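Open the model in your viewer and keep the sequence panel beside it. The tour starts with the whole chain and ends at a single residue.

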Amino acid sequence: MTEKYILAIDQSTQGTKVLLINHQNQIFFKASLSHQQLINENGWVSHNLNEIKNNLKQLFKQILEKVDSRQLEAVAITNQRESEAAWSRRTGEPLCYTIVWQDNRSEQLINQITYPELARKVKNKTGLALSPYFTGAKWGWMLLNEPRVIQAHANNDLCLGTIDSWLVYQLTNGESFKTEVSNACRTELMNIKTGTWDQDLGEIFGIDLNDLPKIVDSNANFGETNLFGLIPHKIPILSVLGDSQAALFAHGCFNPGDFKVTFGTGSSVMLNIGNNLPKNINNQLNTSLAWSINGKKSYVLEGNINYAGACVTWLKDKLHLIHDPSDTTMLALTANPNDHTILIPAFAGLGAPYWLPNMKAAFVNMTATTGKKELVRATLNSLVYQINDILQAFHHFSSQVNSEIHADGGMIQNKYLMQYLSNITQKNVKIAEVAELSALGTAMNSMQQFDGMHYSKTYIPRMDKHAANKYSSEWSSWIKKLS
C-alpha cells in the first residue's frame with residue numbers, strides 16, 4: 001500500500017518549512033527557505049507576504065519531487081502568532097508589509113487608550129495585558145497609518161488576519177477566510193470565554209469585526225487546496241495551530257499541570273490548566289486557549305519572552321562575538337565561574353511576568369576581566385532567569401505545575417543552557433527527540449493522534465537549591481534597580 005502523508009506547513013518568524021509526516025509521526029522529508037527580516041531605523045520589524053508565498057510555492061515543488069500528489073492526505077498549518085496581515089478581499093494581494101509580533105510600533109496607540117478601567121476590561125475579556133505585542137493594536141495602527149489599508153476598509157475590500165488565515169486564504173484561492181482559537185485568542189479581539197470576536201474589543205482598537213476571519217475549531221476543515229495549482233486535485237486543510245500551542249500538542253501536554261518551554265526566536269512557556277478558565281485571570285501572565293477540538297476548549301497560562309534565539313543572533317550579527325550559534329555552548333562552559341555579569345535582554349522591553357515595555361537592554365555587573373565568554377554566558381543565563389520567573393508565577397496562580405519541563409526548539413541542543421535551566425528551576429528538563437515540534441503537533445492534530453512524543457535526553461539539577469536561589473535573586477535585584 002502506498003504510504004500517505006500529512007503535508008505540514010510551519011510558517012515561522014525566520015522562514016517557512018514544509019514537512020511530510022506519516023501516521024507513525026515520522027518525518028519523511030522536510031525543506032525550508034528563510035525570508036528577509038525587514039528592520040528599519042526605528043526598530044520596526046516587517047515581513048513581505050509575497051516573499052513568504054513565493055517561498056511556499058518553491059517548497060511545494062520540492063515536496064512534489066519526492067512523492068506523488070495522491071500520497072498527500074491533508075494539509076496542516078502552524079504559524080508565528082501575533083504577526084498580522086492585511087490584504088485585498090477581492091484580489092488576495094497584500095496591502096502592505098506585515099507587522100511582526102516583535103514589533104512595538106503601536107506602543108503610542110496603546111498609550112493613548114490605556115487607563116486602568118480599560119486595561120482591566122481587556123484583561124478580563126481576553127486574558128491578555130493591553131500591549132502593542134498583540135495583533136489588535138497592530139491592526140489599529142495600520143488603520144491609522146497605512147493608506148492602502150484605510151482605503152480597502154472604506155471599499156469593503158479589507159481582510160485582516162493572522163498569518164494562518166493569510167495562508168488559508170491563499171491556499172484556497174480566496175474561498176476560505178478562517179482562523180481558529182489558538183491564533184484568534186492572541187489578537188486581543190477574541191473573548192476567551194465565548195471563543196468569538198468581541199464588539200467592545202473591536203471598538204477599543206478601531207477594528208471592524210467584519211474584516212476578520214471566521215473562528216472555527218482547531219481541527220475543522222479549513223477548505224481545500226491544489227497547492228497553488230501544482231497538483232490536479234484538491235486536498236483538505238484539516239488543522240491549524242499557533243506554533244506554541246502546536247508544540248504543546250506534540251509534547252502530549254493534555255493534562256492540567258503539564259507544561260513546556262519552546263526556544264525559538266522568542267520563547268514561550270506554556271502551562272495546560274484544563275477545560276475551565278480560572279476565576280481570576282487579571283494577573284501577571286497571559287491566559288490563552290490551547291486549542292478547540294471538536295468543540296471542546298482547553299486553556300493555558302503562558303509567559304512570553306521576546307528575545308531568546310534572537311539574543312544569540314544579536315551576539316553573532318551585531319556584536320560579532322560568535323560565528324555560529326553552536327559556539328555559545330563551549331564559550332559558556334569555559335567562562336570564568338566567578339564572573340557575575342548579567343544581561344538584561346530588554347531590546348523591546350520585558351514581557352511577562354514583568355511588563356516593563358520601556359526598559360532598555362544592558363549588560364550589568366561587569367568587571368575589567370569580563371570578556372567574550374562571560375558575555376555569551378550572561379546572554380544564555382538571562383533566558384533561564386526569565387523562564388524561572390514565569391514558572392514561579394505559574395506556581396502562584398495554579399495549584400498544578402508538574403516537576404518536568406518539556407523542552408523543544410533549536411536551542412535545546414545547547415548543553416550548557418539546558419543544564420543551567422535544570423539547575424536554576426530545580427526541575428528535570430526533558431529534551432524533545434524531534435526538532436520540528438510545531439509541525440509535528442499540527443500534523444498530529446489533523447490525524448487526531450494524542451500519543452505525545454519521546455525524549456532524547458533528560459537533564460537533572462546539579463546545583464543545590466540555595467545556590468540556585470542566590471543566582472536568581474541577583475537577577476531579580478537588577479531588574480528592580482533598572483525598572
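Among contacts in the protein between residues at least 6 apart in sequence, what percentage join residues at least 24 apart? The share is 71%. Keep in mind that this is a predicted model.

You will find 15 helices and 23 strands. The radius of gyration is 22 Å, close to the 23 Å given by the globule rule for 483 residues, so the protein is as compact as a globular protein of that length.

The accessible surface of the protein is about 19,300 Å², and carbon and sulfur atoms account for 47% of it. Of the 483 residues, 61% are buried.

Now colour the charged side chains. There are 42 positive and 42 negative ones in the protein. The centres of these two sets lie 3 Å apart.

Finally, select T13 and zoom in. T13 sits in the loop between strand 1 (5-11) and strand 2 (15-21). Is T13 buried or exposed? T13 has a relative accessible area of 6%, so it counts as buried, the cut-off being under 20%.

To see what surrounds T13, leave out residues up to four places away in sequence and show its contacts. T13 then touches H35, Q37, H47, Q80, V100, W101, Q102 and T265.

Technical notes
Residues are numbered from 1 along each chain as its sequence is written. This is a predicted model: local features need pLDDT of at least 70, side-chain atom pairs count only at pLDDT 80 or more; totals for chains, interfaces and linings use all residues. Side-chain values use heavy atoms; hydrogens and water are left out. Helices (H or I, at least four residues) and strands (E, at least two) are DSSP runs, numbered from the N terminus. The radius of gyration is taken over C-alpha atoms; the globule rule is 2.2 Å times the number of residues to the power 0.38. Buried means under 20% relative accessible area, exposed over 50%, partly exposed in between (1.4 Å probe, protein chains only). Contact means heavy atoms within 4.5 Å. Accessible areas come from the Shrake-Rupley method with a 1.4 Å probe; for residues, only the protein chains shown count as cover. Lys and Arg count as positive and Asp and Glu as negative; His and the chain ends are not counted. The place of a charge is taken as NZ of Lys, CZ of Arg, CG of Asp or CD of Glu.
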